[in-house]
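I opened a new notebook page for this structure. I wanted to look up a few residues and write down what I found.

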Amino acid sequence: AAAPAAAALQTCEVTEAATGAMIDQLSSCTIALGDGQPTLQVSSDAMAEGEGKLRIDVTDASGASLQQIEETATGTFSYPYIEDIDGDGAADIMVPLLTGNVNTSYALWLKTADGTFKRAGE
């Protein structure tokens, strides 16, 4: 199924992300990186047997797809968030992979010069 248009989705900041909730399926939402920057459309499958796919569709200002990121999450879902991890002034993506009672394991996706993201590890 095609992803909903970014304008039709709520922002991830007003979803369960604001409370740090752990859930079995994410509500589709967007993360805007600013004027002229890509927009991230976040969605997921429902968890099945403790595992599920989390997807991020990276789109340009016109809504054209630049990149699709997919990670497997274990346990429950938690929303990805943006932070400048490497100090270069660009927004990097932290994708929660394994959410436990105390610890969370993340996949780190660093923003590149062309506006896409490269997986840098966990």
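My entries follow, from the whole chain down to single residues.

**Entry 1: the whole chain**

I noted that the model is predicted. I looked up the secondary structure and found zero helices and nine strands in the protein chain. Read along the sequence, the pattern is β-β-β-β-β-β-β-β-β.

I then asked what share of the residues counts as buried. For the 122 residues of the protein chain, the figure is 38%. The accessible surface comes to about 6600 Å², and carbon and sulfur atoms hold 49% of that surface. I also looked up the contacts with a separation of 6 or more, and 34% of them are between residues 24 or more positions apart.

**Entry 2: the nonpolar core**

I looked up the largest nonpolar core, which has 23 residues. Which residues have the most contacts inside this core? They are L40, V42, I56, I93, V95 and F117. At least two core residues come from each of strand 2 (29-32), strand 3 (39-44), strand 4 (51-59), strand 5 (65-74), strand 7 (92-99) and strand 8.

I picked L40 and looked up its contacts, leaving out residues up to four places away in sequence. Among the residues that L40 touches are C29, I56, I82, I93 and F117.

**Entry 3: the disulfide**

I searched the whole structure for disulfides and found one. It joins C12 to C29, with an S to S distance of 1.9 Å. I wrote down the general point that a disulfide is a covalent bond between the sulfur atoms of two cysteines. The angle about the S-S bond is 85° for C12 and C29, and the link is right-handed.

What does this pair tie together? C12 is in the loop between strand 1 (10-11) and strand 2, and C29 is in strand 2, so the pair ties together parts 17 residues apart in sequence. I checked burial as well: C12 and C29 are both buried.

**Entry 4: the aromatic pair**

I looked for aromatic pairs and found one in the structure. Y81 and Y106 form this pair, with 5.7 Å centre to centre and 90° between the planes. Is it stacked or edge-to-face? The pair is edge-to-face, because planes over 60 degrees apart count as such.

Y81 is in strand 6 (residues 81-83) and Y106 is in strand 8. They are 25 residues apart, and the pair links distant parts of the chain. I looked up the accessibility of both. Y81 has a relative accessible area of 32% and is partly exposed. Y106 has 25% relative accessibility, so Y106 also counts as partly exposed.

**Entry 5: W109**

I found W109 in strand 8 (residues 104-111). Is W109 buried or exposed? W109 has a relative accessible area of 11%, so it is buried.

I looked up what W109 touches, not counting residues up to four places away in sequence. The list is Q67, I69, E71, D92, I93, V95, F117, K118 and R119. With E71 there is also a polar contact, side chain to side chain, at 2.9 Å. I took one distance too: the C-alpha atoms of W109 and I82 are 9.7 Å apart, while the two residues are 27 residues apart in sequence.

**Entry 6: T59 and T116**

I looked at two threonines next. T59 is in strand 4, and T116 is in the loop between strand 8 and strand 9 (117-121). T59 is at 2% relative accessibility and therefore counts as buried. T116 is buried with a relative accessible area of 17%.

By the same rule, T116 touches L66, Q67, L110 and K111. The side chain of T116 also makes a polar contact with the side chain of D114, at 2.6 Å.

**Entry 7: E49**

E49 is not a glycine, although it has a positive phi of about 55°. E49 is at 88% relative accessibility, so it counts as exposed.

Key: Residues are numbered from 1 along each chain as its sequence is written. This is a predicted model: local features need pLDDT of at least 70, side-chain atom pairs count only at pLDDT 80 or more; totals for chains, interfaces and linings use all residues. Side-chain values use heavy atoms; hydrogens and water are left out. Helices (H or I, at least four residues) and strands (E, at least two) are DSSP runs, numbered from the N terminus. Buried means under 20% relative accessible area, exposed over 50%, partly exposed in between (1.4 Å probe, protein chains only). Contact means heavy atoms within 4.5 Å. A polar contact is a pair of N or O atoms within 3.5 Å; within protein, one must be able to donate a hydrogen and the other to accept it, and residues adjacent in sequence count only if both atoms are side-chain atoms. A nonpolar core is a set of buried Ala, Val, Leu, Ile, Met, Phe, Trp, Tyr and Cys residues joined through side-chain atoms within 4.5 Å. Rings of Phe, Tyr and Trp (its six-membered ring) pair if their centres lie within 6.5 Å; planes under 30 degrees apart count as stacked, over 60 as edge-to-face and the rest as tilted. A disulfide is a pair of cysteine sulfur atoms within 2.5 Å. Accessible areas come from the Shrake-Rupley method with a 1.4 Å probe; for residues, only the protein chains shown count as cover.
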